[in-house]
Amino acid sequence: MTEHPTSHEGRQPLAARPQERTRPRQETPPSPAAPPVPAPLSAPRAGAAQAPASPSATASAPAGASGHAGGPGRGTPGQADGAPGRGAGRGGGRGAAPDGHVPAAGGAGAGAGGAGGSTGAGAGTGGVTGGMPAGTAGPLEGLPVQGGSGGPGGGKDPVVAARREGDRLRFVGAATRRIARGIDLDEIVLGLCRATVPTFSDAILVYLRDPLPVGDERPVDPFVLRLRRTDRLRLTEDEADLGLSAADPETDLDLGPAAELCEVQAGGALAEVLRGVRPVFGDSAAARAALPELLGDGRCVPSGHRAILAPLRGRRRVIGAAVFLRRPDRPPFEPNDLLVAAQLATHTALGIDKAVLYGREAYIADELQRTMLPENLPQPTGVKLASRYLPAAETARVGGDWYDAIPLPGSRVALVVGDVMGHSMTSAAIMGQLRTTAQTLAGLDLPPQEVLHHLDEQAQRLGENRMATCLYAVYDPVAHRITIANAGHPPPILLHLGGRAEVLRVPPGAPIGVGGVDFEAVELDAPAGATLLLYTDGLVESRLRDVWTGIEQLRERLAATAQLTGPDHSPPLEALCDDVLDMLGPGDRDDDIALLAARFDGIAPSDVAYWFLEPEEQAPGRARRLARRALARWGLEDLSDSVELLVSEVVTNAVRYAERPVTLRLLRTDVLRCEVGDDSPQLPRQRRARDTDEGGRGLFLVNRLARRWGATRLSTGKVVWFELPTRI
């Protein structure tokens with residue numbers, strides 16, 4: 001969305017802008033005691049610099065008036081009739097001449113005065129720096145006052161010229177520093193507007209290419225410029241009290257509405273100006289034809305040298321244009337102001353180029369981080385899950401923290417949280433490889449300590465100093481037990497149903513990547529209604545506190561949150577995660593944070609039926625009878641036909657290859673789940689049977705009748721399972 005703000009930042013007070021005329025003009029009659037007389041023809045004082053006056057200075061600083069900022073000059077009258085006298089005047093503001101004209105400020109001025117034919121010479125030095133009195137803070141100190149020489153003989157004074165060039169350099173330095181502070185596109189454009197209005201110009205319009213090309217990308221056709229931002233100077237309350245009107249063409253820029261979009265025609269006047277790269281005055285032949293194309297028809301541009309069109313060229317191509325405008329009552333731009341505009345345009349364009357590249361990198365990093373983490377957590381039977389991830393900072397959106405939840409055979413679930421050292425793309429890439437390895441190892445149904453051992457070997461294969469911490473836990477909802485192995489990770493916290501929170505005592509282990517270290521697993525109770533919180537060290541460790549202090553604060557926070565819901569209810573997982581992250585203070589975000597919360601609902605023993613079947617021909621018939629009795633006990637007789645058919649097919653396939661007893665288990669939750677296990681590692685594959693085949697239709701029936709089904713390889717064989725909805 002295009003912004004059209006009005007800049008009031010750094011607005012100079014009325015007395016600090018000597019180059020602007022104040023209206024209404026109050027005529028002051030000349031003093032009869034000191035009538036204005038021509039400048040003396042006597043030789044100047046020895047050592048005084050003689051310089052011709054500029055036209056603007058001659059018109060605005062008559063004889064007898066001091067050309068200094070800060071007040072009328074004070075001179076010493078002649079000592080006697082016909083005797084030459086000398087006077088010196090010095091001030092710090094706007095002075096008024098005897099005839100009522102306002103002299104220009106910003107340079108050295110000389111005046112003549114006397115009484116009774118006496119002649120006197122007054123000399124003073126200007127004290128304006130950047131269009132402001134000395135010591136007065138403006139939006140950017142150091143802007144040279146353009147178009148005013150200050151008095152007769154002051155326009156080409158070498159000292160004054162050197163001072164003005166120094167002021168110009170200081171302004172360019174301050175403006176470019178302000179532009180360079182921006183880190184994104186909007187901040188850089190805003191910095192350009194705030195640096196130039198009102199110090200360098202009274203209005204600015206910034207157009208950028210739409211869309212902006214990134215790096216070495218070829219820009220798309222057609223070449224379209226979009227108005228990104230406008231800024232202009234408004235009249236202050238002091239000026240309004242003096243009777244100045246915003247509609248006055250001499251005090252305000254009535255430019256009309258600017259065009260939002262501009263299509264640059266190939267070979268047109270605007271294209272030629274942009275191709276030339278250098279800024280041009282608005283009244284030049286090229287700009288007179290290019291500005292209507294850029295700003296749109298009906299857009300009025302101040303006459304004279306009061307408009308500058310500056311192309312914005314990045315590293316490889318033109319990416320936009322900036323238009324600087326001055327009000328009619330302000331001195332016009334000088335030729336040296338084209339150099340100032342070129343410097344501002346160059347720094348802005350290069351900054352925009354870098355901001356676009358940074359934005360692309362941030363987008364890639366953000367997408368990489370999102371793809372490395374689970375898009376959606378599974379909802380396995382007997383457990384509810386919630387998660388959070390926070391990067392370390394907006395400028396470092398990638399990190400090595402990750403979490404995962406992996407469904408396992410037997411309605412179990414593996415809970416994983418890890419942290420790779422660093423906050424770079426390399427850390428994120430290593431994290432992705434370790435997460436993929438953990439998923440593969442979990443699919444083999446290896447014990448937690450074996451999973452960490454293989455992860456340690458994988459980290460060493462990835463290279464040197466590829467270290468990470470990891471906590472791997474397996475929850476069994478039927479047995480209400482959890483097995484945990486740790487590799488240098490902060491211990492988990494278990495929040496019980498009554499509100500008690502405890503830090504689980506888990507062997508710390510060594511980080512992954514060290515090599516040659518054994519990992520130990522512990523098995524703990526996981527009561528129904530309890531909540532397990534897994535987290536990374538970014539949640540509990542910072543520059544303001546050590547890790548164990550943070551763990552204790554986290555435990556207390558969980559206990560306090562559980563007290564709010566009462567002893568018989570567990571806090572909602574999503575609200576619990578948000579409440580945990582609220583404990584972070586402003587200085588606690590030194591690292592990225594991964595958070596995984598698991599609510600253990602479990603499966604009641606009355607909802608589980610488990611049998612062993614000998615691998616013989618009578619096994620399928622026995623399996624059908626056992627399944628029928630269990631369904632009758634649970635009030636699910638409507639599923640008997642489908643369950644008996646599918647159980648018979650799966651058990652028949654298991655008996656054909658098994659050498660040891662086959663296991664049959666039924667679990668009733670929100671769905672009816674059937675699991676058949678045997679000691680054969682070969683997984684069944686669905687195939688389309690031919691008309692003459694006697695077999696090969698069992699899995700086809702399972703696929704058609706079951707809501708879901710699958711097969712998982714175990715260390716002792718395999719498990720084939722299917723699910724049916726409990727409500728038909």
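**Entry 1. Overall make-up**

I began with burial: 50% of the 728 residues in the protein chain are buried, where buried means under 20% relative accessible area, exposed over 50% and partly exposed in between (1.4 Å probe, protein chains only). The model is a predicted one, in which local features need pLDDT of at least 70 and side-chain atom pairs count only at pLDDT 80 or more, while totals for chains, interfaces and linings use all residues. Residues are numbered from 1 along each chain as its sequence is written, and side-chain values use heavy atoms, with hydrogens and water left out.

I counted 14 helices and 26 strands in the protein chain; these are DSSP runs numbered from the N terminus, helices being H or I of at least four residues and strands E of at least two.

**Entry 2. Nonpolar cores**

I then looked up the nonpolar cores, each a set of buried Ala, Val, Leu, Ile, Met, Phe, Trp, Tyr and Cys residues joined through side-chain atoms within 4.5 Å. The largest has 53 residues, and Leu415, Leu452, Leu455 and Phe600 have the most contacts inside it. Strand β15 (residues 468-476) gives the most to this core, with 7 residues. Another core, of 35 residues, lies apart from it and includes Ile188, Val197, Ile204 and Leu212.

Beyond residues up to four places away in sequence, Leu415 touches, among others, Leu385, Leu471, Leu532 and Leu596; contact means heavy atoms within 4.5 Å.

**Entry 3. Glu723**

I found Glu723 in strand β26 (residues 717-725). Glu723 counts as buried because its relative accessibility is 3%. Its side chain is joined to that of Arg673 by a polar contact of 2.9 Å (a pair of N or O atoms within 3.5 Å; within protein, one must be able to donate a hydrogen and the other to accept it, and residues adjacent in sequence count only if both atoms are side-chain atoms). Leaving aside neighbours within four places in sequence, the contacts of Glu723 also include Val671, Leu672 and Arg707.

**Entry 4. Backbone points**

I noted two cis peptide bonds. One runs from Val197 to Pro198, with omega near 5 degrees, and Pro198 is in the loop between α3 (185-196) and β6 (203-209). Another runs from Asp210 to Pro211, with omega near 0 degrees; Pro211 lies in the loop between β6 and β7 (224-232).

I also recorded a positive phi, near 55 degrees, at His480, a residue other than glycine. His480 lies in the loop between β15 and β16 (481-487) and counts as partly exposed because its relative accessibility is 22%.
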